[in-house]
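Look at the sequence and the structure first, then read on.

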There are 2 protein chains.
Amino acid sequence: MRLALDEARAAAARDEVPIGAVVVGPDGRVLSRAGNRVEEHCDPSAHAELLTMRAAGAALNSPRLTGCTLYVTLEPCPMCAAAIVHFRPARVVFGAYDPKGGGVEHGPRLFERPECLHRPEVIGGVAEREAADLLRAFFAARRPPRTRPAPTDPPA
Amino acid sequence: MRLALDEARAAAARDEVPIGAVVVGPDGRVLSRAGNRVEEHCDPSAHAELLTMRAAGAALNSPRLTGCTLYVTLEPCPMCAAAIVHFRPARVVFGAYDPKGGGVEHGPRLFERPECLHRPEVIGGVAEREAADLLRAFFAARRPPRTRPAPTDPPA
């Protein structure tokens with residue numbers, strides 16, 4: 001998760017939403033690491049999870065990440081959760097929970113659906129505060145400053 | 001949908017599951033077309049929809065496919081349905097329904113969920129038979145031949 005957090009920080013430095021992900025093989029070797037590249041690639045599907053799973057598949061020359069662990073700093077969205085089902089890593093470890101956009105512990109909870117063809121072990125909330133702080137700081141810096149409401153005229 | 005079916009046929013010729021997709025801009029111009037490249041890229045996320053939406057975004061230099069129509073020969077899976085939410089085309093036209101693997105009219109029905117941030121117009125069943133026949137023929141040709149059960153010994 002340290003490496004995934006490093007990728008998240010590197011994403012923020014590129015002005016991307018700070019989310020990072022890493023795939024580790026069954027032997028503990030790091031197969032791939034990536035941060036969000038949505039802005040750079042002009043591609044809203046360029047989430048850290050998809051990029052790193054794709055790279056890990058290429059590294060293994062296999063479309064299945066059998067026995068691998070995906071580490072990601074934020075609960076995967078439904079697109080990435082469904083991609084995880086396709087890539088089939090054994091385990092997903094994520095940092096912050098995402099009540100609005102998550103697809104694992106929130107929203108459609110894709111791994112719990114009856115038609116789901118692969119249910120990885122899921123461990124959420126690992127380095128949660130650090131992952132969430134990165135996101136909070138990123139969005140706080142980009143929010144327009146709160147203007148103080150203009151004082152109302154005194155009643156006539 | 002003709003072009004999407006052509007892409008599906010081209011995918012079959014490459015030994016890929018025959019699914020094709022096309023993105024058409026608001027002015028009717030074809031922005032991108034793709035067939036499945038899962039085997040070729042060793043990437044189970046290389047679905048026709050994702051590939052063509054990514055290419056359309058690159059063609060428009062925009063991560064949002066505002067006003068565009070995505071044509072695809074099979075009902076999108078949950079990964080592609082969720083990616084559609086991210087890319088925001090105005091309309092999705094699909095061919096065959098996919099009761100087992102679909103994510104639009106089946107399974108999690110992602111566009112109908114309360115947290116869904118973009119609900120495209122959806123038209124299913126367009127050139128349904130042709131799209132389904134392509135898939136059926138592809139899988140029938142790859143199924144191991146049914147062996148005739150060995151004749152049982154006559155009762156002693």
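His118(A) is in contact with Ile84(A), Val85(A), Arg88(A), Pro89(A) and Phe111(A), leaving aside its neighbours within four places in sequence. The model is a predicted one. His118(A) sits in the loop between strand S4 (91-96) and strand S5 (121-123) of chain A. Is His118(A) buried or exposed? Its relative accessible area is 16%, and buried means under 20%, so His118(A) counts as buried. The side chain of His118(A) also reaches the backbone oxygen of Pro89(A), at 2.6 Å.

**The annotated site**

Which residues does the UniProt annotation "binding site" cover? The record, an unreviewed entry, lists His47(A), Cys77(A) and Cys80(A). They are spread over 34 residues of sequence. In space they cluster, with a largest C-alpha distance of 9.3 Å.

Start with His47(A). It lies in the loop between helix H2 (38-41) and helix H3 (48-60) of chain A. Leaving aside neighbours within four places in sequence, His47(A) is in contact with Asn36(A), Val38(A), Cys77(A), Met79(A), Cys80(A) and His86(B). Two of these names, Cys77(A) and Cys80(A), also belong to the annotation. Another name, His86(B), comes from chain B. The side chain of His47(A) reaches the backbone oxygen of Pro44(A) at 3.1 Å.

Now take Cys77(A). Its place is in the loop between strand S3 (69-74) and helix H4 (78-87) of chain A. Not counting residues up to four places away in sequence, Cys77(A) touches His47(A), Glu49(A), Gly101(A), Gly102(A), Gly103(A) and His86(B).

| Residue | Relative accessible area | Class |
|---|---|---|
| His47(A) | 15% | buried |
| Cys77(A) | 11% | buried |
| His118(A) | 16% | buried |
| Asp15(A) | 47% | partly exposed |
| Asn61(B) | 64% | exposed |

**Where the chains meet**

How many residues of chain B are in contact with chain A? The number is 23, and they meet 24 residues of chain A. In chain B, Cys42(B), Pro44(B) and His86(B) lose the most area to chain A. Together these three account for 28% of what that side buries. For the two chains, the buried area is about 1,900 Å², with 70% of it on carbon and sulfur atoms.

Two salt bridges are found across the interface of chain B and chain A. In one of them, the side chains of Asp43(B) and Arg54(A) meet at 3.0 Å, N to O. Four residue pairs are in polar contact between chain B and chain A, both residues at pLDDT 80 or more.

Which helices of chain B each supply at least two residues to the side that touches chain A? They are helix H3 (48-60) and helix H4 (78-87). The largest share, six residues, comes from H4(B). By type, this side of chain B divides into twelve nonpolar, six polar and five charged residues.

**Two loop residues with positive phi**

Asp15(A) has a phi near 70°, a positive value in a residue other than glycine. It lies in the loop between helix H1 (2-13) and strand S1 (20-24) of chain A. Asn61(B) also has a positive phi, near 55°, and is likewise not glycine. Its loop runs between H3 and strand S3 (69-74) of chain B. Asp15(A) is partly exposed, whereas Asn61(B) is exposed.

**Chain A as a whole**

Chain A has five helices and five strands. Along the sequence they follow the pattern α-β-β-α-α-β-α-β-β-α. The C-alpha atoms of chain A fill a box of roughly 75 × 35 × 30 Å, taken along the principal axes. Of the 156 residues in chain A, 49% are buried. Among contacts in chain A with a separation of 6 or more, 58% are between residues 24 or more positions apart.

Definitions and conventions: Residues are numbered from 1 along each chain as its sequence is written. Chains are lettered from A and ligands numbered from 1 in the order in which they are written. Side-chain values use heavy atoms; hydrogens and water are left out. Contact means heavy atoms within 4.5 Å. Buried area is the accessible area (1.4 Å probe) that two parts lose on being put together, summed over both. A salt bridge is a side-chain nitrogen of Lys or Arg within 4 Å of a carboxyl oxygen of Asp or Glu. A polar contact is a pair of N or O atoms within 3.5 Å; within protein, one must be able to donate a hydrogen and the other to accept it, and residues adjacent in sequence count only if both atoms are side-chain atoms. Helices (H or I, at least four residues) and strands (E, at least two) are DSSP runs, numbered from the N terminus. Ala, Val, Leu, Ile, Met, Phe, Trp, Tyr, Cys and Pro count as nonpolar, Asp, Glu, Lys and Arg as charged, and the others, Gly among them, as polar. UniProt positions are given in the numbering used here, feature names are shortened, and annotations may be inferred rather than shown by experiment. Buried means under 20% relative accessible area, exposed over 50%, partly exposed in between (1.4 Å probe, protein chains only).
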